[in-house]
Structure formats: C-alpha cells, structure tokens
Amino acid sequence: MRNNYSVRVDDAGAVLIPAEVRKAMGIGSESLLILSQVGDEIRLAPSEPVPARRVRIVPREELAQALIDGAITPEGMEDAKAGIRELGLDPAEFTPNF
Amino acid sequence: MPGQKRIFLDSNVLVAIGFRPSGEYSRILAFHGLVYVTSEQILREVTENLIDLGVEPSPLLQRFRLRMEITDQVTKRPAGLPLHDDGDRQALSEAIAASCDEFITCNSRDFKVLYGRVVSGVYIRHSAEFLRLYAASEYASE
C-alpha cells in the first residue's frame with residue numbers, strides 16, 4: 001500500500017479516502033474518525049464512541065500505596081503514614097515501590 | 001505556551017493531592033514550566049472521591065481550575081486503546097485529544113503494563129516517578 005495520496009477537497013470540504021486505505025484500516029460507512037491538526041499536517045485516526053463514564057472511587061489501598069510511593073523526603077514519608085492511618089489502614093503494610 | 005510540556009493528571013493523582021494538601025503530591029502543581037491538563041469528567045470524579053474521604057472539595061477544585069487547563073469530555077476516542085476499563089480508556093483519550101505529552105497516574109492495577117510506553121503520542125508515567133523526576137529538576141535549577 002502507498003503511504004501518500006493526492007486528494008482534492010470538494011466544494012463541501014469533503015475528501016475521498018482511497019478505497020485501499022479504507023480497507024486496510026477497517027473504515028466503513030459511518031465510521032468515526034478523529035481529525036487532528038498537527039503542525040502543517042492533518043491526521044485522521046479511527047475512533048469509537050465513548051460510553052457514559054462511571055465515577056470510580058479510588059480504593060483506599062491504591063491511595064495508600066500512592067502516598068507511600070510519592071514520599072521522597074522524611075517529612076513526606078511521615079505525612080504519607082499519617083494519611084494512611086487516616087484511611088484506616090496500617091502504614092506497615094505498605095512498602096515503597098520507587 | 002509553545003515548548004512547554006503538557007501533563008495530563010489522572011483523577012487518582014488529584015485525589016492524592018486533595019487528600020494530603022501538606023504532602024509530597026501537592027508539590028506537583030508547583031513545578032515550573034509545565035502545562036497541567038485534566039478534564040471536567042475527572043474533576044467530577046475527584047469531587048466524589050474527596051467527599052467520600054470526608055474532604056471539602058470546593059477550595060481544591062478552585063485551585064485545580066486556576067492551575068490547570070480543563071478539557072471537555074471527548075465524544076470519540078482512538079480505537080484499540082490497550083486498556084480494559086472504560087473509564088481508563090476515556091481518561092487516556094482525553095489526554096490524547098488534548099495533545100498532552102504525558103499521562104500521569106498511580107492506578108497501577110490498570111496502567112502498570114503501559115508505564116514507560118507511548119500510546120498515540122502520550123507517554124504513560126507513574127505519578128511517583130513523575131514527582132521524583134521533576135523534583136530533581138527543580139532542585140537542580142534552584
């Protein structure tokens with residue numbers, strides 16, 4: 001498959017995506033594409049609809065681990081441990097991964 | 001501003017900042033030369049999380065809005081993102097749509113396999129690594 005195609009914009013602003021590109025990329029009628037301007041180029045990428053998003057409550061353990069991992073000073077470590085205790089968890093059960 | 005790195009913060013990072021305003025995570029928003037980005041959807045999630053943690057969200061949200069660029073929810077996203085959770089896929093899509101350079105999260109359960117990888121132009125990084133990296137540069141420039 002070629003990498004570059006010359007396409008012409010019609011009066012309505014539409015361009016034709018060559019058939020072999022549509023086939024290779026799985027683009028059919030009613031396909032959604034993301035169009036983005038990148039510098040002096042226009043890019044098209046296949047996309048999909050986004051369903052309504054559920055609110056995710058961050059698990060206490062994930063937050064506790066994040067606090068420990070993010071502690072880079074002794075004061076920060078003490079603050080992280082205090083936060084973990086506030087979450088109702090035991091700081092001794094969490095060890096830094098970084 | 002041109003040349004400034006655009007950093008997308010996931011909801012868990014903002015929750016960590018909000019939960020421990022005196023902690024290390026709060027330093028993230030003080031780093032210079034970075035444009036921080038998040039989305040309205042993520043701010044809604046942060047609000048719910050802070051309420052769940054017993055933290056009054058309003059002052060923090062005001063701070064986030066002053067310091068960060070807030071994108072609208074994307075209505076479409078790149079196909080084939082290597083994530084199982086719809087919320088994660090949407091958050092990463094928002095970072096991609098907002099032309100961010102990095103996506104910062106501490107959700108290792110879902111993002112661990114992507115740490116250090118670039119997805120649709122966005123580098124996926126753990127928040128603790130980000131904190132260490134930029135804290136070191138801030139010290140170096142002082």
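Student: How many other C-beta atoms lie within 10 Å of Ser99(B)?

Tutor: This is a predicted model, in which local features need pLDDT of at least 70, side-chain atom pairs count only at pLDDT 80 or more, and totals for chains, interfaces and linings use all residues. Residues are numbered from 1 along each chain as its sequence is written, while chains are lettered from A and ligands numbered from 1 in the order in which they are written. Ser99(B) is partly exposed, the class between buried (20 or more other C-beta atoms, placed from the backbone, within 10 Å of a residue's own) and exposed (12 or fewer). For Ser99(B), the number of such atoms is 15.

Student: What is the phi of Ser99(B)?

Tutor: Ser99(B) lies in the loop between α4 and β5 of chain B; helices (H or I, at least four residues) and strands (E, at least two) are DSSP runs, numbered from the N terminus. Its phi is positive, in a residue other than glycine. The value is near 55 degrees.

Student: Where is Ser120(B) found?

Tutor: Ser120(B) is not a glycine, yet it has a positive phi of about 50 degrees. It counts as partly exposed, with 16 C-beta neighbours inside 10 Å. Ser120(B) is placed in the loop between β6 and β7 of chain B.

Student: In β7(B), which residue is the bridge partner of Val118(B)?

Tutor: β6(B) and β7(B), the latter spanning residues 122-126, run antiparallel and are joined by 2 bridges. The partner of Val118(B) in β7(B) is Tyr123(B).

Student: Which are the edge strands of the open sheet in chain B?

Tutor: The sheet has 6 strands with mixed pairing, in the order β3-β2-β1-β5-β7-β6. An edge strand here pairs on one side only. Those strands are β3 (68-71) and β6 (118-119) of chain B.

Student: At what angle does helix α4 of chain B run to β7(B)?

Tutor: Axes are lines fitted to C-alpha atoms, for helices over the stretch in contact, and angles run from 0 to 180 degrees between N-to-C directions. Helix α2 (residues 40-52) of chain B lies across β2 (34-39) and β3 and runs at about 75 degrees to β2(B). Helix α4 (residues 86-97) of chain B lies across β1 (5-9), β2, β3, β5 (102-105), β6 and β7. Its angle to β7(B) is about 130 degrees.

Student: How are α2(A) and α3(A) oriented to each other?

Tutor: The axes of α2(A), residues 60-70, and α3(A), residues 74-86, come within 8 Å and cross at roughly 170 degrees. The contact (C-beta atoms, placed from the backbone, within 7 Å) is made by Ala64(A), Leu67(A), Ile68(A) and Gly70(A) of α2(A) with Ala80(A), Gly83(A) and Ile84(A) of α3(A). Angles under 35 degrees count as roughly parallel, over 145 as roughly antiparallel, 65 to 115 as roughly perpendicular and the rest as oblique. The two helices are therefore roughly antiparallel.

Student: How is α2(A) oriented to α1(B)?

Tutor: These helices pack with their axes 10 Å apart, at an angle of about 75 degrees. On the α2(A) side, Glu62(A), Leu63(A), Ala66(A), Leu67(A) and Gly70(A) meet Asn12(B), Val15(B), Ala16(B) and Phe19(B) of α1(B). The angle makes α2(A) and α1(B) roughly perpendicular.

Student: How many residues of α1(B) are buried?

Tutor: The buried residues of α1(B) include Val13(B), Leu14(B) and Ile17(B). The helix is largely enclosed by the rest of the structure, because the buried count is 9 of the 9.

Student: In the largest nonpolar core, which residues have the most contacts?

Tutor: A nonpolar core is a set of buried Ala, Val, Leu, Ile, Met, Phe, Trp, Tyr and Cys residues joined through C-beta atoms within 7 Å. The largest has 43 residues, and α1(B) gives the most to it, with 6 residues. Among the residues that Ala16(B) touches are Leu63(A), Tyr25(B) and Cys106(B). Those with the most contacts inside the core are Leu67(A) and Ala16(B).

Student: How far apart in space are Pro91(A) and Glu20(A)?

Tutor: Pro91(A) is in the segment after α3 of chain A and touches Lys81(A), Ile84(A) and Arg85(A), not counting residues up to four places away in sequence. Pro91(A) and Glu20(A) are 71 residues apart in sequence. Their distance in space, C-alpha to C-alpha, is 58 Å.

Note on methods. Pairing = 2+ DSSP bridges. Contact = placed C-beta atoms within 7 Å.
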